[in-house]
Amino acid sequence: MSRAAIPGLPSRYPIGEQLPALYADDDFAQRFTAGLDTVLAPVFATLDNLPAYLDPRVTPPDFLAWLASWVGAAHDPRWPLQRRREAVLRAVELHRWRGTRRGLTEALRLTLGVHAEVTDDGTAVWSNTPGTDLPPEPPTEVLVRVWPSDEAPPNPARIREVVNTMRPIHTTCRLEILPGPPTDEPTDEGR
């Protein structure tokens, strides 16, 4: 990433105009400060537009990878620009939902463009009697069903990578990649 001089970019704050009146007619002083203006114009333009640089929706594409590193967002240069922007924009939200069903399905949708359904047994056991024996260990396997969106067929290795990153550490996941959307979704005719 680099910001360089743009030919003809005017400075909003020309140094020559800010010099004392003694130097206003000095040709050398005006040419010298005009050279400095050429060097400083991109700096001023960047500083004037700093809020736009920090907004993932409008930041320059080459700055987006840097923003992604600031917020720990997934960033893959192969993704469409809009998906990369959304990943950075929603990074904090995804961190908040990490390790949950919602976080896993959203991460798969956002990073890979696939639809997902996460199911587990949902078991919770408790007792209000002191000294009760501990319940048996609940199953720790989670079923993740994934089906493609309209974009491209899902990549199993990349899906496993996202699942392993976003799942709770104490669980194992079984992955099913389906050829199309689940059958229990309403079709266009049923809507």
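Predicted model: local features only at pLDDT ≥ 70, side-chain atom pairs only at ≥ 80, totals over all residues.
## Where α4 meets α6

Arg 83, Glu 86 and Ala 87 on the α4 side touch Arg 109, Leu 110, Thr 111 and Leu 112 on the α6 side. Sorted by class, this contact holds 3 nonpolar residues, 1 polar and 3 charged.

As for geometry, the axes of α4 and α6 (residues 101-112) come within 9 Å of each other and cross at roughly 145°.

## What α4 hides

Which residues of α4 are buried? They are Arg 83, Arg 84, Arg 85, Ala 87 and Val 88. Three arginines in a row are on that list, Arg 83, Arg 84 and Arg 85. The buried residues of α4 pack against three helices: α3, α5 (91-96) and α6.

Two of these arginines turn up again on the α3 side. There, Leu 81, Arg 84, Arg 85 and Val 88 of α4 meet Pro 61, Leu 64, Leu 67, Ala 68 and Val 71 of α3. Arg 83, in turn, is part of the contact with α6.

## The α3/α4 crossing

Now for the angle between those two. Helix α3 (residues 61-71) and helix α4 (residues 81-89) have axes that come within 9 Å and cross at roughly 30°. An angle under 35 degrees counts as roughly parallel, so α3 is roughly parallel to α4. The handedness of the α3 and α4 crossing is left-handed.

## From α6 on to α7

Helix α6 also packs against α7 (residues 156-166), with axes that come within 10 Å and cross at roughly 140°. Is this crossing left-handed or right-handed? The crossing of α6 and α7 is right-handed.

On the α6 side, the contact is made by Gly 103, Leu 104, Ala 107, Leu 108, Thr 111 and Leu 112. Their partners in α7 are Arg 158, Ile 159, Val 162, Val 163 and Met 166. By class, that comes to 8 nonpolar, 2 polar and 1 charged residues. Thr 111 and Leu 112 of α6 take part here, and both are also in the contact with α4.

## Aromatic rings

How many aromatic pairs does the model have? The count is 6. Take Tyr 13 and Phe 44: their ring centres sit 5.4 Å apart and their planes are at 80°, so this pair is edge-to-face. The pair ties together distant parts of the chain, with Tyr 13 in the segment before α1 (27-48) and Phe 44 in helix α1, 31 residues apart. Tyr 13 is partly exposed, at a relative accessible area of 36%, and Phe 44 is partly exposed too, at 25%.

Elsewhere, ring pairs join Tyr 53, Phe 63, Trp 66 and Trp 70 into a cluster. Of these, Trp 66 lies in helix α3 and is partly exposed, with 41% relative accessibility.

Ser 11 sits in the segment before α1. Is Ser 11 buried or exposed? Its relative accessibility is 15%, and the cut-off for buried is under 20%, so Ser 11 counts as buried. Leaving out residues up to four places away in sequence, Ser 11 touches Asp 37, Ala 41 and Phe 44. Phe 44 is the ring partner of Tyr 13. The C-alpha atoms of Ser 11 and Leu 40 are 7.3 Å apart, although the two are 29 residues apart in sequence.

Thr 171 lies in the loop between α7 and β3 (172-177). With a relative accessibility of 9%, Thr 171 counts as buried. Thr 171 and Gly 99 are 72 residues apart in sequence, and their C-alpha atoms are 9.7 Å apart.

## The whole chain

Stepping back, the protein has 7 helices and 3 strands. From the N terminus on, the order of elements is α-α-α-α-α-α-β-β-α-β.

Of the 191 residues, 27% count as buried. Looking at contacts between residues at least 6 apart in sequence, 59% join residues at least 24 apart.

Terms used. Residues numbered from 1 in each chain as written. Heavy atoms only, no water. Phe/Tyr/Trp six-rings, centres within 6.5 Å; stacked < 30°, edge-to-face > 60°. Helix = DSSP H or I, 4+ residues; strand = E, 2+ residues; numbered from the N terminus. Buried < 20%, exposed > 50% of the residue type's maximum accessible area, 1.4 Å probe, protein only. Axes fitted to C-alpha atoms, helices over the stretch in contact; angles between N-to-C directions. Parallel < 35°, antiparallel > 145°, perpendicular 65-115°, else oblique. Left-handed = near helix turned anticlockwise from the far one by under 90°. Contact = heavy atoms within 4.5 Å. Nonpolar A, V, L, I, M, F, W, Y, C, P; charged D, E, K, R; others polar.
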